[in-house]
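Please walk through this protein model.

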Amino acid sequence: NPTLPMVINTWKFPEANALAWRILKQSEGGLRQTRNAVVEGCTKCEQIQCDGTVGYGGSPDELGETTLDAMVMDGATMDVGAVAGLIGVRDAIRVARYVLERTTHTMLVGQGATNFAVAMGFRTDSLVTPESRAMWQQWKAQNCQPNFWQRVNPDPKISCGPYAPKATPLTRWKEDRARTEYKIGQQHHDTIGMVAIDANNQIHTGTSTNGARNKIPGRVGDSPIAGAGSYADNEVGAAVATGDGDIMMRFLPTFVAVEAMRAGKTPAEAAAEAVKRIVKHYKDFAGAVIAVNRLGHYAAACYGMPDFPFVVSSPAEATTVKTVKCM
Ligand code: SD4
């Protein structure tokens with residue numbers, strides 16, 4: 001099959017793609033090479049903080065903390081490992097892999113996920129950086145509104161929210177995009193979602209993100225949820241999503257895309273269907289879905305932004321950035 005093996009990921013994150021591709025090629029024929037590729041590819045993004053929205057030091061919540069969501073899914077066994085609201089550990093998708101491999105559970109959250117990571121030997125670290133602290137302070141200065149609880153029980157630590165309804169998570173996501181695009185030109189930067197397929201049609205998907213900026217502590221997005229952030233089934237193919245997770249997770253877009261392909265749709269039709277289901281109800285939605293069939297044929301659909309870049313490696317194209325126009 002000339003289209004396999006392959007690696008594809010959301011946004012212009014070529015470093016992650018290149019590493020995943022190298023791992024996949026090096027370990028050709030090896031067991032679980034697609035898992036290694038996806039986990040280490042996304043880890044690369046966590047480490048280099050792929051423009052601030054993957055890994056530590058980005059998207060501070062209302063209290064200035066960064067928390068991480070990540071998942072990995074095995075399309076052979078339909079096994080999933082995920083962490084959500086992970087605090088104090090930087091290696092979100094590697095911890096998600098341990099949840100997959102060392103537990104019978106699917107998802108661990110918050111401090112429980114941290115405790116598990118520590119038990120597995122991961123290092124704890126602050127996820128706050130001078131940049132994320134400055135981002136948070138700027139937001140606080142602009143958005144502080146005394147709320148009900150502060151009148152009842154003033155707490156100097158919590159001087160904003162929960163919820164200044166002036167900016168919903170949706171508009172925040174769009175505003176963030178507009179702001180950062182303005183700042184750094186064409187560089188897009190958001191959740192990494194990655195699909196790896198080997199020459200034997202073995203599939204893994206993974207995601208990693210620090211979620212939505214200024215979120216209420218405890219908020220979890222679509223990225224660590226199977227069928228929302230990503231979905232894989234060796235019999236059919238896989239999909240990954242990025243965008244306004246608060247909206248997307250109501251529609252399970254990656255599950256929808258895989259099921260559409262199972263029903264005979266092309267990857268392009270499947271990705272479009274997943275996005276259209278959301279847009280039907282939320283005209284302000286912004287996000288994207290990549291769909292890949294088990295043979296490695298792929299397509300992306302997006303909405304709410306001019307275009308959407310993604311990166312592909314296959315025998316025909318090594319770490320190639322592509323862009324699709326949004327509907
Ligand atoms: C979230 N889906 O937590 C993530 C954010 C994202 O591109 O994908 N940004 O809502």
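## The annotated threonine

Threonine 191 sits in the loop between α7 (169-184) and β5 (192-197). Helices (H or I, at least four residues) and strands (E, at least two) are DSSP runs, numbered from the N terminus. The model is predicted: local features need pLDDT of at least 70, side-chain atom pairs count only at pLDDT 80 or more, and totals for chains, interfaces and linings use all residues. Residue numbers start from 1 along each chain as its sequence is written.

An unreviewed UniProt entry annotates Thr191 as "active site". UniProt positions follow the numbering used here, feature names are shortened, and annotations may be inferred rather than shown by experiment.

Is threonine 191 buried or exposed? Threonine 191 counts as buried because it has 32 C-beta neighbours inside 10 Å. A residue is buried if 20 or more other C-beta atoms lie within 10 Å of its own, exposed if 12 or fewer, and partly exposed in between; the C-beta atoms are placed from the backbone. Leaving out residues up to four places away in sequence, threonine 191 touches Thr10, Thr53, Val54, Thr207, Thr209, Ser223 and Thr242. Contact here means that the C-beta atoms of two residues, placed from the backbone, lie within 7 Å.

## Overall make-up

The protein has 10 helices and 12 strands. Of its 327 residues, 54% count as buried. Take the contacts with a separation of 6 or more: 65% of them link residues 24 or more positions apart.

## The eight-stranded sheet

Eight strands build an open sheet with mixed pairing. Their order is β4-β3-β2-β6-β5-β1-β11-β12. Strands pair if DSSP finds at least two bridges between them. β4 (107-109) and β12 (317-325) are the edge strands, and each pairs on one side only. From one strand to the next, the twist averages 10°. For such angles, axes are lines fitted to C-alpha atoms, for helices over the stretch in contact, and values run from 0 to 180 degrees between N-to-C directions.

Strands β2 (residues 68-74) and β6 (residues 203-209) run antiparallel, joined by six bridges. Within this pair, aspartate 69 stands opposite threonine 209 in β6. Threonine 209 is also one of the residues that threonine 191 touches. Helix α2 (residues 33-47) packs on the sheet. α2 touches β1 (6-10), β2, β5 and β6, and its direction makes about 15° with that of β6. Helix α3 lies across β2, β3 (79-86), β4 and β6, at about 135° to β3.

## The nonpolar core

The largest nonpolar core has 89 residues. Such a core is a set of buried Ala, Val, Leu, Ile, Met, Phe, Trp, Tyr and Cys residues joined through C-beta atoms within 7 Å. Which residues have the most contacts inside it? They are Val83, Ala96, Ala239, Ala257, Ala271, Val289 and Ile290. Helix α3 (residues 92-102) gives the most to this core, with seven residues.

Alanine 257 touches Ala239, Ala270, Ala271, Ala274, Val289 and Ala291, not counting residues up to four places away in sequence.

## The four-stranded sheet

A second open sheet has four strands in the order β7-β8-β9-β10, with antiparallel pairing. β7 and β10 (298-303) stand at the edges with a single partner strand each, so one side of each has no neighbour in the sheet. Neighbouring strands are turned by 10° against each other on average, direction ignored.

β7 and β8 form a hairpin with three residues between them. They pair over four bridges, and aspartate 233 stands opposite glycine 237 in β8. Both faces of β7 are covered: Ser230 and Ala232 on one side and Tyr231 and Asp233 on the other are all buried. Six bridges join β9 to β10. There, valine 292 stands opposite tyrosine 298 in β10.

Why is helix α9 (residues 253-262) largely enclosed? Seven of its 10 residues are buried, so the rest of the structure largely encloses α9. Those buried residues are Pro253, Thr254, Val256, Ala257, Val258, Ala260 and Met261. Their cover includes β7 (230-233), β8 (237-243), α8 (245-248), α10 (267-281) and β9 (287-293). Glycine 264 follows α9, with a positive phi near 110°.
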